[in-house]
Amino acid sequence: MNDKIFVNGVSAKGFHGVLERERSRGQKFVVDVELAMNLKKLNDDLSKTVNYAEVIEIINGHITGKPVLLIESLAENIGKDIMRKYKKVSKIVVRVHKPKAPIAWNFKDIVVQVEIKR
């Protein structure tokens with residue numbers, strides 16, 4: 001299936017991380033999702049596709065919600081919740097960016113990607 005919906009750059013402050021300072025101070029997280037589903041013959045009916053606002057609400061809820069240690073877990077939790085809500089999605093790819101990870105060396109971004117299929 002080649003039909004996809006992309007929701008990119010959802011950002012919010014979260015308190016995820018292994019280090020105590022990450023969990024107390026928080027930092028910006030950015031999430032991108034790629035949703036694979038059939039987008040043909042929708043007949044201009046929102047109920048037959050994905051509501052982008054609801055997808056963003058799910059993502060934001062996880063970023064700002066209960067902290068996890070690993071952004072790998074954050075990505076998986078987001079993907080599972082979106083798949084649970086939208087049965088028509090056959091595959092989801094979730095990318096979590098942690099551009100301000102507390103690492104001593106110069107880097108542009110840390111990104112974790114998970115893929116979940118039905």
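Modeller: Start with a cut-off: a residue is called buried when its relative accessible area is under 20%, and exposed when that area is over 50%. Keep in mind that this is a predicted model.

Colleague: What makes Lys98 buried?

Modeller: The relative accessible area of Lys98 is 9%, and the limit is under 20%, so Lys98 counts as buried. Lys98 lies in the loop between strand S3 (91-97) and strand S4 (111-117). Beyond its neighbours within four places in sequence, Lys98 has contacts that include His16, Gly17, Glu22, Gln27 and Phe29. Ile71, Phe107, Asp109 and Ile110 are also among the residues that Lys98 touches.

Colleague: Where do these elements sit in the order of the chain?

Modeller: From the N terminus on, the order is β-α-β-α-α-β-β. That gives three helices and four strands. The protein has 118 residues, of which 42% count as buried. Its C-alpha trace spans about 50 × 25 × 20 Å along the principal axes.

Colleague: Which share of the contacts between residues at least 6 apart in sequence joins residues at least 24 apart?

Modeller: The share is 62%. Val94 is in strand S3, and among its contacts beyond four places in sequence are Val31, Asp32, Val33, Ala75, Ile78 and Gly79. Val112, Gln113 and Val114 belong to that list too.

Colleague: Why is Val94 called buried?

Modeller: Its relative accessible area is 0%, which is under 20%, and therefore Val94 is buried.

Colleague: Where is Ile59, and what makes it buried?

Modeller: Ile59 is in helix H2. Its relative accessible area is 0%, and as the cut-off is under 20%, Ile59 is buried. Leaving out neighbours within four places in sequence, Ile59 touches Val10, Val31, Val33, Ile78 and Ile82. One of these, Val31, is 28 residues from Ile59 in sequence, with 7.3 Å between the two C-alpha atoms.

Colleague: Which other residues of H2 are buried along with Ile59?

Modeller: Val55, Ile58, His62 and Ile63 are buried in H2, along with Ile59. An α-helix has 3.6 residues a turn, so residues three or four places apart point the same way. The face of H2 turned away from the buried side carries Ala53 and Glu57, which are exposed.

Colleague: What do the buried residues of H2 pack against?

Modeller: They pack against strand S1 (4-14), S2 and H3.

Colleague: How do H2 and H3 pack together?

Modeller: H2 covers residues 52-64 and H3 covers residues 71-85; they pack at an angle of about 145°, and their axes are 10 Å apart. Their crossing is right-handed. On the H2 side the contact is made by Glu54, Val55, Ile58, Ile59, His62 and Ile63. On the H3 side it is made by Leu74, Asn77, Ile78, Asp81, Ile82 and Lys85. By class, that contact has seven nonpolar, two polar and three charged residues.

Colleague: What span is expected of H2, and what does it reach?

Modeller: With 13 residues at 1.5 Å a residue, 18 Å is expected, and H2 reaches 18 Å from its first C-alpha to its last.

Colleague: What makes Thr49 buried?

Modeller: The relative accessible area of Thr49 is 14%, which is under 20%, so Thr49 counts as buried. Thr49 is in the loop between strand S2 (27-36) and H2. Beyond four places in sequence, Thr49 touches Ile5, Met37, Leu39, Leu42 and Tyr86.

Colleague: Are Lys41 and Asp44 buried or exposed?

Modeller: Lys41 has 76% relative accessibility, and the limit is over 50%, so Lys41 is exposed. Asp44 has a relative accessible area of 82%, also over 50%, and is therefore exposed. Lys41 is placed in the loop between S2 and H2, and Asp44 is found in that loop too.

Colleague: What phi does Lys41 have, and what phi does Asp44 have?

Modeller: Most residues other than glycine have a negative phi. Lys41 is not a glycine, yet its phi is positive, about 55°. Asp44 is likewise a residue other than glycine, and its phi is positive, near 60°.

Definitions and conventions
Residues numbered from 1 in each chain as written. Predicted model: local features only at pLDDT ≥ 70, side-chain atom pairs only at ≥ 80, totals over all residues. Heavy atoms only, no water. Axes fitted to C-alpha atoms, helices over the stretch in contact; angles between N-to-C directions. Helix = DSSP H or I, 4+ residues; strand = E, 2+ residues; numbered from the N terminus. Left-handed = near helix turned anticlockwise from the far one by under 90°. Contact = heavy atoms within 4.5 Å. Nonpolar A, V, L, I, M, F, W, Y, C, P; charged D, E, K, R; others polar. Buried < 20%, exposed > 50% of the residue type's maximum accessible area, 1.4 Å probe, protein only. Expected span 1.5 Å × (residues − 1).
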